[in-house]
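Morning, everyone. Please take a look at the model on the screen, and keep the sequence beside it.

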Amino acid sequence: MADSAPFGRGRVRRLFGLDRSGPPPRQTQKGEPLNPWTLPNLVGFVRLAAIPLFLCMAFESGDGRSAAAAVVFWLVAAGDYLDGLLARVTGQYSRLGSILDPLVDRLTILAGAVVCWHFELLPRWALALLAIRELAMLFLAQYGLRHGVEIRVNWPGRISVFPIMGGIFFAMVFAGWVPAALLIVGLGFALVATVLYARSGVREVRLARELQDKRHND
């Protein structure tokens with residue numbers, strides 16, 4: 001009953017991304033037009049353009065601890081939530097957005113990891129694992145696209161974003177154990193998510209091939 005109101009509890013939960021139980025929007029599915037000129041995609045383009053700016057500011061800092069670079073990193077990271085919120089508020093979903101958003105997330109994390117590695121702001125073994133994980137996710141996404149399989153974000157993957165981004169952000173602000181702890185916690189969730197992504201992707205590819213073989217045999 002509450003969901004029928006314009007701002008009922010269920011609608012508010014969906015608006016703020018807390019309830020993702022429904023099917024993905026039709027506009028984001030394979031075969032739909034890219035539709036690049038939307039407000040959420042504009043946020044994605046700005047986020048993408050800000051990554052080189054972040055890298056320049058961070059490497060010019062001398063020691064990697066730059067308040068200005070950290071703020072730019074935070075804005076790029078926070079843009080991930082903003083573009084999703086704008087898509088839900090305006091209904092401007094797009095196929096390009098569904099591809100662009102996770103790509104920018106991967107590049108943002110990799111950029112932060114490069115800075116933290118160069119200035120030794122975080123444990124390098126954790127940063128190496130993080131970089132391998134992000135590259136693996138790019139490979140899985142490409143593998144899924146080639147085989148017509150959509151890799152949907154799972155809850156461990158969603159949970160991992162905040163501590164990973166937070167660890168990188170705080171490492172550029174102050175020294176101590178907190179940034180490293182956040183990174184390691186986030187990395188743990190991210191690795192679990194990657195295993196689940198891989199299992200789901202392989203299963204869906206296998207099912208798609210079986211269906212294709214069945215159609216050929218018929």
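First, a definition: buried means under 20% relative accessible area, exposed means over 50%, and partly exposed lies in between (1.4 Å probe, protein chains only). At 37% relative accessibility, Asn-35 therefore counts as partly exposed.

Some ground rules. This is a predicted model, where local features need pLDDT of at least 70, side-chain atom pairs count only at pLDDT 80 or more, and totals for chains, interfaces and linings use all residues. Residues are numbered from 1 along each chain as its sequence is written, and side-chain values use heavy atoms, with hydrogens and water left out.

Now the overall picture. The protein has seven helices and zero strands. Helices (H or I, at least four residues) and strands (E, at least two) are DSSP runs, numbered from the N terminus. Of the 218 residues, 37% count as buried. Contact means heavy atoms within 4.5 Å. Take the contacts with a separation of 6 or more: residues 24 or more positions apart account for 78% of them.

Back to Asn-35. Asn-35 sits in the loop between helix H1 (9-15) and helix H2 (39-59). Its phi is positive, about 50°, although Asn-35 is not a glycine. Why point that out? Because most residues other than glycine have a negative phi. Glu-120 also has a positive phi, near 55°. Glu-120 is found in the loop between H4 and helix H5 (124-146). At 58% relative accessibility, Glu-120 counts as exposed.

Next, a helix pair. How do H3 and H4 pack? Helix H3 (residues 67-90) and helix H4 (residues 95-118) pack at an angle of about 160°, with their axes 10 Å apart. Axes are lines fitted to C-alpha atoms, for helices over the stretch in contact, and angles run from 0 to 180 degrees between N-to-C directions. That angle makes H3 roughly antiparallel to H4. The cut-offs: under 35 degrees is roughly parallel, over 145 roughly antiparallel, 65 to 115 roughly perpendicular, and the rest oblique. On the H3 side, the contact is made by Phe-73, Val-76, Asp-80 and Asp-83. On the H4 side, Asp-101, Asp-105, Thr-108 and Gly-112 make the contact.

Stay with Asp-83. Is Asp-83 buried or exposed? Asp-83 is buried, because its relative accessible area is 8%. Not counting residues up to four places away in sequence, Asp-83 touches Pro-40, Val-43, Arg-47 and Asp-101.

On to the rings. Rings of Phe, Tyr and Trp (its six-membered ring) pair if their centres lie within 6.5 Å; planes under 30 degrees apart count as stacked, over 60 as edge-to-face and the rest as tilted. The structure holds five aromatic pairs. In one of them, the rings of Trp-37 and Phe-45 have centres 6.3 Å apart and planes at 65°, so the pair is edge-to-face. Trp-37 is exposed at 75% relative accessibility, while Phe-45 is partly exposed at 32%. In the pair of Phe-170 and Phe-174, the centres are 5.7 Å apart and the planes at 45°, so this pair is tilted. Ring pairs link Phe-169, Phe-170 and Phe-174 into a cluster.

Last stop: Tyr-197, in helix H7 (residues 177-217). Tyr-197 is buried, with a relative accessible area of 6%.
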